[in-house]
Amino acid sequence: MAYIDENNDVTAGKGKDPVKELDDELELLMQELKEMEQSETAESEPEPQPSPAPRTMENPVRKAPGSTNKPPKKHGKTALIIVLCVVIIGAAAGAWGVYSLLTSKVSDHIVKSDVVETETFSDSVLGDISVKKVDGAALNTYNADKLRKNAAGFYEYVENGEVTSETGIDLAEYQGDVDFKAVKASGVDYVILRIGGRYYSDEGKLYEDGSFDTYYEQAKAAGLKIGAYFFSQAASVEDAVEEAEYAVKKLGGRTLDYPVAFDWEIIDDDEARTDGIGNSTITAMAEAFCDTIEDGGCKSIVYASTSLMLQSYDFETMKDYEFWLADYREFPNMYYDFTMWQYTTDGTVDGIDGAVDLNICFKPYN
């Protein structure tokens, strides 16, 4: 039950109940009134008197005109108590009105704040998904009809007859030697380079990508735009901050055109230090990484698969951050907005031996 406490705040299960207090006071006053009436009745009855002396000239009985031998009743105090009772009853009614109003307002607030609006849609892989509607969160407005493949086999997004997207790839040291001039000539606009990572073993040591420095210099010389990503196996906010600080330090003041990505992934086929990490921690780690990157003077973004983006990230927090979506279907069925889309891990690009990840950026940087 909710009460009004000493500060006129409505609280649950504690504080004072004004209606109960007034009822108690009223009951005490009514009891006192009853006792006084009983006392007055007793006083009004004449005490036993000895037999009156004979009426003689020496012992006359004197009475004032219209008077009796009974003592006068004490009406003043009784009337005062009745007035007080009326006042208390009125105050109780007023308090009940205030109490009802306050508890009604609090109840309305609780009901409204507990209501979470959701949007449910069907996903070919994940099944029926219910997504929380978040005020201020940007939604996916891309149209599959505006997506096309160019002569090189790269996706382009076309609006009003013009290509509004940029084509990108992401690379790590296992790609080996790369001819970045050939990459540029093939129609690639930007590269996202792995700057380092964390091992998923219990020790969770950090490591640098051995090709980052070389790739950075050669890509820049070839006229490609450059971004970076850190392969995270953070298990705490402190880990995520450490990873971001490592990336900023590794950049050493070098400029980037595209963001630094927080690439936190679930290890499917082996035990990892990140097994069992809760959604609230995943969200907090992404926020901490991105904020630390931004504080270091770079743009930030969160890399995530469709399932991770929909099921693990809380968009009450993440609505202010950009996403790089990994989804290898013809077109992503994503509720929230995303800036980049990694649409295959099996692409081919001139100047690179073997398969490479292909990306499209719908909102080009710089």
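My entries start with the ground rules and overall figures, then move to single elements and residues.

**Entry 1: ground rules.** I am working with a predicted model, in which local features need pLDDT of at least 70, side-chain atom pairs count only at pLDDT 80 or more, and totals for chains, interfaces and linings use all residues. I number residues from 1 along each chain as its sequence is written, and side-chain values use heavy atoms, with hydrogens and water left out.

**Entry 2: confidence.** I checked pLDDT, the predictor's confidence in each residue on a scale from 0 to 100. The protein has a mean of 81, with 69% of its residues at 70 or more. Over residues 1–19 the pLDDT stays under 50. I still find 35 contacts beyond four places in sequence for that stretch, a contact being heavy atoms within 4.5 Å. Residues 101–113 also have pLDDT below 50, and there the model has six contacts beyond near neighbours in sequence. A reminder to myself: where pLDDT is low, the predicted coordinates should not be read in detail.

**Entry 3: overall figures.** I noted eight helices and 16 strands; helices (H or I, at least four residues) and strands (E, at least two) are DSSP runs numbered from the N terminus. Of the 366 residues, 40% count as buried. For that label, buried means under 20% relative accessible area, exposed means over 50%, and partly exposed lies in between, using a 1.4 Å probe and protein chains only. The protein exposes about 21000 Å², of which carbon and sulfur atoms supply 50%; the areas come from the Shrake-Rupley method with a 1.4 Å probe, and for residues only the protein chains shown count as cover. Among contacts with a separation of 6 or more, 63% link residues 24 or more positions apart.

**Entry 4: nonpolar cores.** I used this meaning: a nonpolar core is a set of buried Ala, Val, Leu, Ile, Met, Phe, Trp, Tyr and Cys residues joined through side-chain atoms within 4.5 Å. The largest has 68 residues, and Ile169 and Tyr313 touch the most other members. Helix H6 (residues 279–295) gives the largest share of this core, six residues. A second, separate core has 13 residues, including Ile301, Tyr303, Trp324 and Ala326. I then followed Ile169: beyond four places in sequence, its contacts include Val183, Tyr190, Ile192, Val349, Val356 and Leu358.

**Entry 5: strand E16.** How many of the residues of E16 (356–361) are buried? I get six of six. Val356, Leu358 and Ile360 point one way, while Asp357, Asn359 and Cys361 point the other. Two strands pair if DSSP finds at least two bridges between them. E16 pairs with E8 in the antiparallel sense over five bridges, and Gly168 has Asn359 as its bridge partner. Strand E15 (residues 340–347) is also joined to E16 by five bridges, again antiparallel; here Gly347 is partnered with Val356.

**Entry 6: a three-stranded sheet.** I found an open sheet in the order E5-E6-E7, with antiparallel pairing. E5 (147–149) and E7 (162–163) stand at the edges with a single partner strand each, so one side of each is left without a neighbour in the sheet. E6 (residues 155–159) and E7 pair over two bridges, and Val158 stands opposite Val163 in E7.

**Entry 7: helix H4.** The buried residues of H4 (residues 212–221) are Phe212, Tyr215, Tyr216 and Ala219. Seen down the axis of H4, they fall within an arc of 100°, so they line one face of the helix; that arc is taken from the directions from the helix axis to the C-beta atoms. Their cover includes strand E8 (166–171), helix H3 (180–185) and helix H5 (237–251). After H4 comes Gly223, with a positive phi near 85°.

**Entry 8: two residues.** Buried or partly exposed: which is Ala240? At 0% relative accessibility, Ala240 counts as buried. Ala240 sits in helix H5 and, beyond four places in sequence, is in contact with Ala234, Met285 and Phe289. Ala240 and Met285 are 45 residues apart in sequence, with their C-alpha atoms 5.4 Å apart. Ser305, in strand E13 (residues 300–305), is partly exposed with a relative accessible area of 27%. Ser305 touches Leu325 and Ala326, not counting residues up to four places away in sequence.
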